[in-house]
Amino acid sequence: MTAPSRLQLPPGPWPTLLDGLCARFPRIDRAQWADRFARGRVQDAQGRALAPDGPWQVGLEIRYFREVVDEAVIPFADAILYQDADLLVADKPHYLPVTPAGRHVRETLLARLVARTGNADLVPLHRLDRLTAGLVLFSTRPATRDAYQRLFRERRIDKTYEALAPALPGLVFPLERHSRLVPGEPFFRMAEAEGAPNARTRIEVIAAEGPLWRYRLHPESGRKHQLRVHMAALGAPIVGDDLYPYLRQDAPGEGAGPLQLLARELAFADPLDGAQRRFSSALRLG
C-alpha cells in the first residue's frame, strides 16, 4: 500500500465528502471517488474509513490514497544495501521515482520498500531525480528521524556522484563551479543567473579517455538539477540529459537512454553514536 496523501478540508458549499472531493479534484471522476470510498481508501486522521455521504466538515483532516489507472511497471530493480533500527539505504535504478508523483504511485522506491519491509514509517531523508540512479537514505522510525534530517539541513553529509559527459581537455581539474541557480523556463528547468552563488560543485576527472570522460562530482549545496546545470555550463552536458543545455522535444526521460548520473557515495558521522558511516552504490554507469 502506498503512503496516504493528507488534506485538511477547506471551506466550501459541498454537503458531503464525495461532493467536495469531486469538486476539489475534477480530474478524478465521481465513480472513481465512490470506488475509493467503497474500498476504504478515504479515511480520517486515525485511519478509519469514511463514508461518501459523510458531511463536509471544515478543518477535518482526511487521508486518501492516490491511484493511477493502468500504471506502467518500471522494469528496473532496486536493492536494499543496509538496514538497521534507524536507517535504510537503498540503491535506486534509473527511471524509478523516489516518492509518488504524477503518473507514478505504486512504481516508486518508497512504495516498493514499504511493501518489502512492511514498515509504513519509512521516509526518504533526501531525494534523487527520477532519472538519476544511486543511493537514497531512509529514516525507519520517527523517534530518530530529525537527527538524520539535520545532517542534510546542516550540510554535514558528504555526497559523491559520478557522471559520463563529453571531454573537457581545455580545463584544469579539479575545478569548482560556483553560480546562482534560479527557476528557469519552462518551470521545471533551472538556470544560472547573476548574483551571489547559491550552488557549489567540485568536479574531478576519474578517467579521461576518448570523447566521453568519467567525472566525480561533489555538490557542496543541494540545489535542484545543480550537477546537470553546472556540467552543461562547462560545455559537457551529462550524457542522456534531456533538459540541459536545452530542452529536447521528446518527453522528459524518453528516447535518449538513461541519464548517466549516479549517486555513488554517502559519508557522515552518525548523529546517534558518532560512528563514521560510508555507503557505496553497487550500480555502474555506461
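**Reading strands, rings and cores in a predicted model**

Biologist: Which strands pair over three bridges, and in what sense?

Modeller: In this predicted model, β2 and strand β3, which covers residues 61-64, are paired in the antiparallel sense over three bridges. As a general idea, strands of a sheet pair through backbone hydrogen bonds, either parallel or antiparallel. Within this pairing, valine 42 stands opposite tyrosine 64 in β3.

Biologist: In what order do the three strands form the open sheet?

Modeller: The order is β1-β3-β2, with antiparallel pairing. The edge strands are β1 (5-8) and β2 (42-44), each of which pairs on one side only, and neighbouring strands of this sheet are turned by 30 degrees against each other on average, direction ignored.

Biologist: How many aromatic pairs does the structure hold?

Modeller: There are 11 aromatic pairs in the structure. In general, a pair of aromatic rings is described by the distance of the centres and the angle of the planes. The ring centres of tryptophan 14 and tryptophan 56 are 4.9 Å apart and their planes stand at 75 degrees, so this pair is edge-to-face. Because tryptophan 14 lies in the loop between β1 and α1 (17-24) and tryptophan 56 in the loop between β2 and β3, the pair ties together parts that are 42 residues apart in sequence.

Biologist: Is tryptophan 56 buried or exposed?

Modeller: Tryptophan 56 is buried, with a relative accessible area of 8%, whereas tryptophan 14, at 22% relative accessibility, counts as partly exposed, because buried means under 20% relative accessible area. The rings of phenylalanine 173 and tryptophan 213 likewise form an edge-to-face pair, with centres 6.4 Å apart and planes at 70 degrees. Here phenylalanine 173 lies in the loop between β8 (157-166) and β9 (175-183), and tryptophan 213 in strand β12 (residues 212-219), so the pair ties together parts that are 40 residues apart in sequence.

Biologist: What sits over the ring of tryptophan 33?

Modeller: The charged end of arginine 36 is placed over that ring, 4.7 Å from the centre, and Trp33 also belongs to one aromatic cluster with Phe25 and Tyr64.

Biologist: Which residues have the most contacts inside the largest nonpolar core?

Modeller: They are Phe138, Tyr215, Leu217, Met231 and Leu261, in a core of 32 residues. Elements that each supply at least two residues of this core include β5 (87-92), β7 (133-139) and α5 (226-233), while α3 gives the most, with four residues. A second, separate core of 14 residues includes Leu17, Leu18, Phe37 and Val42.

Notes: Residues are numbered from 1 along each chain as its sequence is written. This is a predicted model: local features need pLDDT of at least 70, side-chain atom pairs count only at pLDDT 80 or more; totals for chains, interfaces and linings use all residues. Side-chain values use heavy atoms; hydrogens and water are left out. Two strands pair if DSSP finds at least two bridges between them. Axes are lines fitted to C-alpha atoms, for helices over the stretch in contact, and angles run from 0 to 180 degrees between N-to-C directions. Rings of Phe, Tyr and Trp (its six-membered ring) pair if their centres lie within 6.5 Å; planes under 30 degrees apart count as stacked, over 60 as edge-to-face and the rest as tilted. Buried means under 20% relative accessible area, exposed over 50%, partly exposed in between (1.4 Å probe, protein chains only). A charge sits over a ring if NZ of Lys or CZ of Arg is within 6 Å of the ring centre and within 35 degrees of the ring normal. A nonpolar core is a set of buried Ala, Val, Leu, Ile, Met, Phe, Trp, Tyr and Cys residues joined through side-chain atoms within 4.5 Å.
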